[in-house]
Amino acid sequence: MADAVVAVGGNSVAADLRVRTQRLSLAALEARGVEIGASLTAPALVTLAGDLGAGKTTLVQAICRGLGVTSPVTSPTFALIHEYAGTGARVVHCDLYRLGTPRDVAALGLDEMLAERDVIMLVEWPERAGAALGAPTLAVSLGHVADDATVRECTESWAA
């Protein structure tokens with residue numbers, strides 16, 4: 001466990017986080033995504049940060065498989081939001097890359113979706129939202145590994 005300070009509704013509060021960093025092959029990253037999906041229960045917010053091509057959408061696709069989504073999961077870069085039916089939850093996949101400000105994010109109504117008890121929301125590029133999303137159930141950060149293009153560094157920070 002690690003102590004951290006997170007923003008909740010504009011206020012900073014102390015929280016216990018379970019933090020795990022590991023280097024994963026792309027196949028292992030997908031397997032980890034399926035495990036994450038299988039472990040999530042609604043309501044939940046998962047944020048995925050990382051550079052272009054770091055594997056955010058690949059991880060979202062795997063998380064969706066773990067959540068029982070059977071339809072194709074594609075990047076909502078231009079649509080901004082895609083919704084899928086999972087087993088026991090509605091999965092909302094958001095890509096905020098094209099948005100410029102937290103005000104743009106607020107216009108999407110994500111806060112209203114997050115208030116629904118049956119939603120698991122997966123958000124790529126969460127930094128575009130500022131504090132508008134609140135504290136995630138799981139924050140994932142993905143990064144390239146300089147000496148191996150087939151490996152990603154994956155840090156998971158789970159809220160207690």
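Mentor: Buried residues make up 42% of the 160 residues in the protein chain. Keep in mind that this is a predicted model.

Trainee: What makes a residue count as buried?

Mentor: The cut-off is a relative accessible area under 20%. Take V91, found in strand β5. Its relative accessible area is 0%, and buried means under 20%, so V91 is buried.

Trainee: What does V91 touch, leaving aside its neighbours within four places in sequence?

Mentor: V91 is in contact with C64, L67, V69, H82, E83, Y84, G86, I120 and L122. As for I63, it sits 28 residues from V91 in sequence, and their C-alpha atoms are 9.9 Å apart in space.

Trainee: How is the whole chain arranged along the sequence?

Mentor: The chain has four helices and eight strands, and they follow the pattern β-β-α-β-α-β-β-α-α-β-β-β. Among contacts between residues at least 6 apart in sequence, 62% join residues at least 24 apart.

Trainee: Why is α1 called oblique to α2?

Mentor: Two packed helices are described by the angle between their axes and the distance between the axes. Here, the axes of α1 (residues 26-39) and α2 (residues 56-66) come within 6 Å and cross at roughly 45°. That angle makes α1 oblique to α2, because under 35 degrees would be roughly parallel and 65 to 115 roughly perpendicular. The crossing is also right-handed.

Trainee: Which residues form that contact?

Mentor: From α1 come L29, E30, G33, V34, I36, G37 and A38, and they meet T58, L59, A62, I63, R65 and G66 of α2. By type, these residues divide into seven nonpolar, four polar and two charged.

Trainee: Which residues of α2 are buried, and what do they pack against?

Mentor: The buried ones in α2 are K56, T57, L59, V60, A62, I63 and C64. They pack against α1 and also against the strands β3, β5, β6 and β7. After α2 comes G68, with a positive phi near 90°.

Trainee: What makes L80 and W125 stand out?

Mentor: Most residues other than glycine have a negative phi, and most peptide bonds are trans. L80 is not a glycine, yet its phi is positive, about 75°. W125 is not a glycine either, and its phi is positive at about 60°. L80 lies in the loop between α2 and β4, while W125 is in the loop between β6 and β7.

Trainee: How do you know whether L80 and W125 are buried or exposed?

Mentor: Set each value against the cut-off of 20%. L80 has a relative accessible area of 15%, so it is buried. W125 is at 10%, so it counts as buried.

Trainee: Where is there a cis peptide bond?

Mentor: The cis bond joins A42 and P43, with omega about -5°. P43 is in the loop between α1 and β3.

Trainee: Why is the pair of T155 and T21 called a polar contact?

Mentor: The two side chains are 2.9 Å apart at that contact. The limit for N or O atoms is 3.5 Å, so the pair falls inside it. T155 is in strand β8, and, leaving aside neighbours within four places in sequence, its contacts are V19, R20, T21, A139, V140 and S141.

How values were computed:
Residues are numbered from 1 along each chain as its sequence is written. This is a predicted model: local features need pLDDT of at least 70, side-chain atom pairs count only at pLDDT 80 or more; totals for chains, interfaces and linings use all residues. Side-chain values use heavy atoms; hydrogens and water are left out. Helices (H or I, at least four residues) and strands (E, at least two) are DSSP runs, numbered from the N terminus. A polar contact is a pair of N or O atoms within 3.5 Å; within protein, one must be able to donate a hydrogen and the other to accept it, and residues adjacent in sequence count only if both atoms are side-chain atoms. Contact means heavy atoms within 4.5 Å. Axes are lines fitted to C-alpha atoms, for helices over the stretch in contact, and angles run from 0 to 180 degrees between N-to-C directions. Angles under 35 degrees count as roughly parallel, over 145 as roughly antiparallel, 65 to 115 as roughly perpendicular and the rest as oblique. A crossing is left-handed if the near helix is turned anticlockwise from the far one by less than a right angle, and right-handed if clockwise. Ala, Val, Leu, Ile, Met, Phe, Trp, Tyr, Cys and Pro count as nonpolar, Asp, Glu, Lys and Arg as charged, and the others, Gly among them, as polar. Buried means under 20% relative accessible area, exposed over 50%, partly exposed in between (1.4 Å probe, protein chains only).
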